[in-house]
Amino acid sequence: MADFIQNGSITTLHNLRNRNLEDFERQLHTWGRERPMALVLPSLFSELEGPALDHIVEQLRAATYIRQIIIGLDRADEGQFRHAVEFFARLPQEHRILWHDGPRLRAVDRVLAEADLAPPEPGKGRNVWYCMGYFLASDLCKSLALHDCDILTYDRGLPAKLFYPIAHPTFTYKFCKGYYFRASDTKLNGRVTRLLVTPLLRALKQMFGDHEFLEYIDSFRYPLAGEFSMVWDLVHSIRIPSDWGLEIGVLSEAHRLYSPQRICQVDIADAYDHKHQDLSADDMSRGLAKMSTDICKAFFRKLAITGVVFNRGVLRTLKAAYYRTALDLVEQYHADADYNGLTLDRHLEERAIELFTETLVRAGNDFLKNPHETPFLPSWNRVVSAVPDIYERLVDAVEADAMMTGMR
């Protein structure tokens, strides 16, 4: 059972009782007539063959209050794209697939590259960015929600809970973040949030005191959750990161554009599990090593913008404060896991902390060497200013791909 505590600078909407899902959806149907809703599904082709996505699509078939579903498809050749069209054809909602590796969207990407506006590398950030552009270009909906395609514990209540706060006609929220706890049947998960973000925030607060941005981020119960929703204006203006700092970067942009009173978080799942990244301690360019490095850089960039000064002495102090705080938290997590009959391997927890300490130092050194580096993709507001017909190009490419497969 959830608590009802409101702490931090944003509103928390708890799951205080098991409210009837049909009641949620009935209200969303009503509100959707005036404020239609779109769902974005960023996907690798491999996820079509995995254990989660087929169930997700079956669940979404009943979520008929959703007007539009936009699927971003990565790492797919033409045969795989055609398979994806068949895979998603059962959806009753209006839906389109952005085949990012196809020749038509590649041509759009080249147009943006000539204007120095194209995403620099493939990945989830690039996938989501183009889906946001198509959302704006198709001009069918007023709000957007996004969730991953590898959620093993999915049910259709998840998007309903994401949409509810920003679709409600008397609420004033512009951005909503989902939260949950990460666990399998026997194991406590969520290492990057538990062992990197939480102790890093506490260490930064020890060093820099009552900092408004740190208080804001610390208000989120699961800041690395990949599920969120937002209104049209935010989609149009937001600059999202292209690297693993996506989730922290989106929170930073919401903070930049709106007061905390316009931002909320919502409990979207009793339990949540999806695929897990390897630690990759022997290869800093992938897995949790790359993810944690990008997340640390996202914090350094945002704090520097607010006036915090970083130097090598500050980084040495931060390293020590983070490491001690993280080790202390392991004791708390172990007690919590044991109380709930879950397992937690202290050795593996401390190995992860050692890796995150190394990536913290690496991220800090990279930031000091190149403080002007930014992974942020341009807002679509800027893109339209530079390439006025970009929306027409994007829609034409997606529609041509659909017609090629006989999709209607």
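This section describes aromatic pairs, salt bridges and surface patches in a predicted model.

Aromatic contacts are considered first. The structure contains 19 aromatic pairs. In one of them, the ring centres of W129 and W380 lie 4.3 Å apart and the ring planes meet at 25 degrees, so the pair is classed as stacked. Because planes under 30 degrees apart count as stacked, the angle of 25 degrees places this pair in that class. W129 belongs to helix 5, which spans residues 124-138, and W380 belongs to helix 14, which spans residues 380-386; the pair therefore ties together parts that are 251 residues apart in sequence. Both W129 and W380 are buried.

A further aromatic pair is formed by F310 and F367, whose ring centres are 6.0 Å apart and whose planes stand at 80 degrees, so this pair is edge-to-face. F310 is located in the loop between helix 11 (287-305) and helix 12, whereas F367 is part of helix 13; the contact therefore ties together parts that are 57 residues apart in sequence. F310 has a relative accessibility of 11% and so counts as buried. F367 is likewise buried, its relative accessible area being 10%. Both values fall under the 20% cut-off for a buried residue. Aromatic residues also gather in a cluster, which is formed by F24, W31, Y164, F171 and Y173.

Charged side chains provide a second set of contacts. Side chains of opposite charge can pair when their charged atoms come close. In total, 24 salt bridges are present in the structure. One of these joins the side chains of R126 and D109, with an N to O distance of 3.3 Å.

The salt bridge between D218 and K205 has an N to O distance of 2.8 Å. This pair links distant parts of the chain, with D218 in helix 8 (residues 212-218) and K205 in helix 7 (residues 191-208), 13 residues apart. D218 has a relative accessibility of 32% and therefore counts as partly exposed. K205 is also partly exposed, at a relative accessible area of 26%.

D389 and R393 form another salt bridge, in which the closest N and O atoms are 3.1 Å apart. D389 counts as partly exposed because its relative accessibility is 33%. R393 is placed in the partly exposed class as well, at 36% relative accessibility. Salt bridges also occur as a network, in which D54, E58, R61 and R90 are linked.

A patch of positive charge is made up of R312, R316, R362 and K369. Helix 12 (312-339) and helix 13 (346-369) each supply at least two residues of this patch. R316 is found in helix 12, and its relative accessibility of 60% means that R316 counts as exposed, the cut-off being over 50%. Helix 13, one of the contributors to the positive patch, also carries the buried F367.

A nonpolar patch is formed on the surface by F4, I5 and L16, which together have about 330 Å² of accessible area. I5 is placed in the segment before strand 1 (11-13). I5 is partly exposed, with a relative accessible area of 45%.

At 0% relative accessibility, C176 counts as buried. The C-alpha atoms of C176 and P42 are separated by 18 Å, and the two residues are 134 residues apart along the chain.

How values were computed: Residues are numbered from 1 along each chain as its sequence is written. This is a predicted model: local features need pLDDT of at least 70, side-chain atom pairs count only at pLDDT 80 or more; totals for chains, interfaces and linings use all residues. Side-chain values use heavy atoms; hydrogens and water are left out. Patches are made of residues with over 30% relative accessible area and no salt bridge: like charges are joined within 9 Å, nonpolar side chains (Val, Leu, Ile, Met, Phe, Trp, Tyr) within 5 Å. Accessible areas come from the Shrake-Rupley method with a 1.4 Å probe; for residues, only the protein chains shown count as cover. A salt bridge is a side-chain nitrogen of Lys or Arg within 4 Å of a carboxyl oxygen of Asp or Glu. Lys and Arg count as positive and Asp and Glu as negative; His and the chain ends are not counted. The place of a charge is taken as NZ of Lys, CZ of Arg, CG of Asp or CD of Glu. Helices (H or I, at least four residues) and strands (E, at least two) are DSSP runs, numbered from the N terminus. Buried means under 20% relative accessible area, exposed over 50%, partly exposed in between (1.4 Å probe, protein chains only). Rings of Phe, Tyr and Trp (its six-membered ring) pair if their centres lie within 6.5 Å; planes under 30 degrees apart count as stacked, over 60 as edge-to-face and the rest as tilted.
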